[in-house]
Amino acid sequence: MAKPLLKLQRFFRRKPVRFFTLLALYAAAGSLLFLHAGEPPEPPGPAAALPPPPPPARAGPAAARRAAPWFKGASKEAAERRRPGGAGGAQGRPLGPRAARETEEDRAKYIGCYVDSTRRRTLRGVSFFDYKKMTVFRCQDNCAERGYLYAGLEFGAECYCGHKIQAANVSEAECSMECKGERGNMCGGANRLSIYRLELAQESVRRYGSAIFRGCFRRPDNVSVALPASQTMLNMSVDKCVDFCTEKEYPLSALAGTSCHCGFPTRLFTLHEREDEQLCAQRCAGEEYESCGTADYFLVYQTQVQDNRCMDRRFLPARSRRAVALASFPGAGNTWARHLIELATGFYTGSYYFDGSLYNKGFKGERDHWRSGRTICVKTHESGRREIESFDAAILLVRNPYKALMAEFNRKYGGHVGFASHAHWKGREWPEFVRTYAPWWAAHTLDWLRFGRNVLVVHFEDLKRDLFVQLKRMVGLLGIAALEDRLLCVEGQKDGNFKRSGLRKLEFDPYTPEMRAAIGGYIKTVDAALKLRNLSGVPDDYYPR
């Protein structure tokens with residue numbers, strides 16, 4: 001045994017390069033075996049409940065985000081899940097089963113099969129065709145987004161929208177053509193429409209051509225002052241009255257039987273107290289299937305004429321020493337709130353960051369340093385104590401986390417008014433995004449409630465539902481006298497250019513049961529924190545989930 005070892009020793013003494021080469025190969029092989037042993041295996045079952053990790057970093061003066069103290073401590077069980085090979089490992093973690101596609105009854109009700117004609121359409125709103133990918137959902141969504149009450153599909157590939165069905169009902173057997181984009185669903189037939197009543201239309205803007213339907217309203221006391229332009233039209237129709245008011249350059253068109261009135265929304269005619277539409281249901285003399293209101297109840301449309309009473313904006317005439325934050329979690333409607341505040345006050349808003357796309361769309365305060373004092377308030381998503389305490393007051397905008405997370409995911413992968421692709425929703429990006437951002441949604445609100453000074457909490461849902469009242473509260477905190485006519489003007493220009501079209505709503509529920517369980521816990525935490533400060537809790541539509 002000694003002789004072979006002696007020969008090997010002499011061999012390497014004469015050839016040292018070979019010795020070190022062999023040693024390096026041995027070390028490399030050992031490293032590969034070690035790395036392979038350390039790779040986490042795929043968990044055997046569904047993913048565990050999402051742990052609350054620290055919130056992500058975001059570009060800006062303060063790079064790191066800090067969660068509230070009660071989210072920093074992780075339980076031993078959560079720590080075990082984050083170890084390599086644990087159930088919550090990032091690699092190979094399977095998602096729970098996706099919820100089934102939204103049921104048809106949730107968004108629309110099938111009415112029946114109806115006759116259609118190229119000479120006289122049954123549904124006389126907008127229409128579009130797709131001879132390869134038409135689906136029932138796509139047609140319904142297209143019509144609902146534009147505010148129509150009915151969606152009809154014809155010839156397997158054609159979609160028609162309208163407010164009224166203007167034809168006879170026929171046998172279901174005549175609507176027997178499958179949709180081009182999905183098997184098993186019928187999309188009408190030749191000159192036959194499969195018609196659905198859209199249950200979601202009430203949430204959207206109803207239109208008549210280019211005009212927006214505002215509702216039925218009681219005749220104002222001094223109609224000649226409230227609506228200064230008018231004309232009698234014996235052959236009245238919606239089109240004629242809207243065209244007349246557009247030509248006179250008024251944003252409101254009010255139909256009153258055979259009279260057409262035009263004007264602005266003012267204190268004399270606020271459009272805040274809508275009446276039952278049946279009170280305005282008098283047939284137009286010049287349009288068989290439309291209503292034209294009565295002498296006592298006006299049917300009001302908004303024309304394409306812009307109300308310029310709230311469009312002027314400028315920087316503050318004197319630099320302000322008071323820094324007011326417009327704080328929100330990303331995706332909670334901060335850009336939209338800035339748009340409303342600028343119209344309501346006439347002053348630019350600033351930003352803790354710089355977004356060139358927003359500057360190019362009219363937010364001129366975007367380029368100013370957030371401490372410049374030239375803007376009425378400053379957009380921020382920061383949630384650290386130091387950043388929060390640098391502001392003297394704050395408007396805290398809170399939104400339903402399910403909606404906010406999806407909005408921010410769309411912004412991250414599709415821009416301010418774009419959409420994330422289907423691959424992003426179905427890939428690893430979405431579950432990782434929820435795992436990281438969901439706890440930040442809660443931590444953001446809790447931090448501002450804890451460290452902020454003079455914080456006004458505004459729920460996005462309340463702002464959307466009652467814009468006049470909520471915007472008046474926000475403007476009051478900013479120290480600006482809220483002019484009622486200006487706020488009424490804002491109501492007519494409220495959407496701006498910062499609203500997603502809604503035509504690409506997901507046809508499936510992206511939230512797994514595990515995600516919902518975690519988010520539900522965060523909602524309860526925020527609700528309790530709000531009530532502890534004698535504020536109203538989260539809106540009811542956050543529950544049940």
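**Close-up views of a predicted model**

View 1. Strands β15 (residues 324-328) and β17 (residues 378-380) run parallel and are joined by three bridges; strands are DSSP runs of E with at least two residues, helices are runs of H or I with at least four, and both are numbered from the N terminus. Two strands count as paired if DSSP finds at least two bridges between them. A327 has T380 of β17 as its bridge partner. The model is predicted, with local features needing pLDDT of at least 70 and side-chain atom pairs pLDDT 80 or more, while totals for chains, interfaces and linings use all residues. Residues are numbered from 1 along each chain as its sequence is written, and side-chain values use heavy atoms, without hydrogens and water.

View 2. The open sheet has five strands in the order β16-β17-β15-β18-β19, with parallel pairing. β16 (350-351) and β19 (455-459) each have a single partner strand, so one side of each lacks a neighbour in the sheet.

**View 3. The disulfide of C139 and C159.** A disulfide (cysteine sulfur atoms within 2.5 Å) joins C139 to C159, with an S to S distance of 2.0 Å. The link is right-handed, with 80° about the S-S bond. C139 lies in helix α6 (residues 136-145) and C159 in strand β4 (residues 158-162), 20 residues apart. C139 is buried at 0% relative accessible area; buried means under 20%, exposed over 50% and partly exposed in between, with a 1.4 Å probe and protein chains only.

**View 4. The disulfide of C245 and C262.** The sulfur atoms of C245 and C262 are 2.0 Å apart. The torsion about their S-S bond is about -75°, so this disulfide is left-handed.
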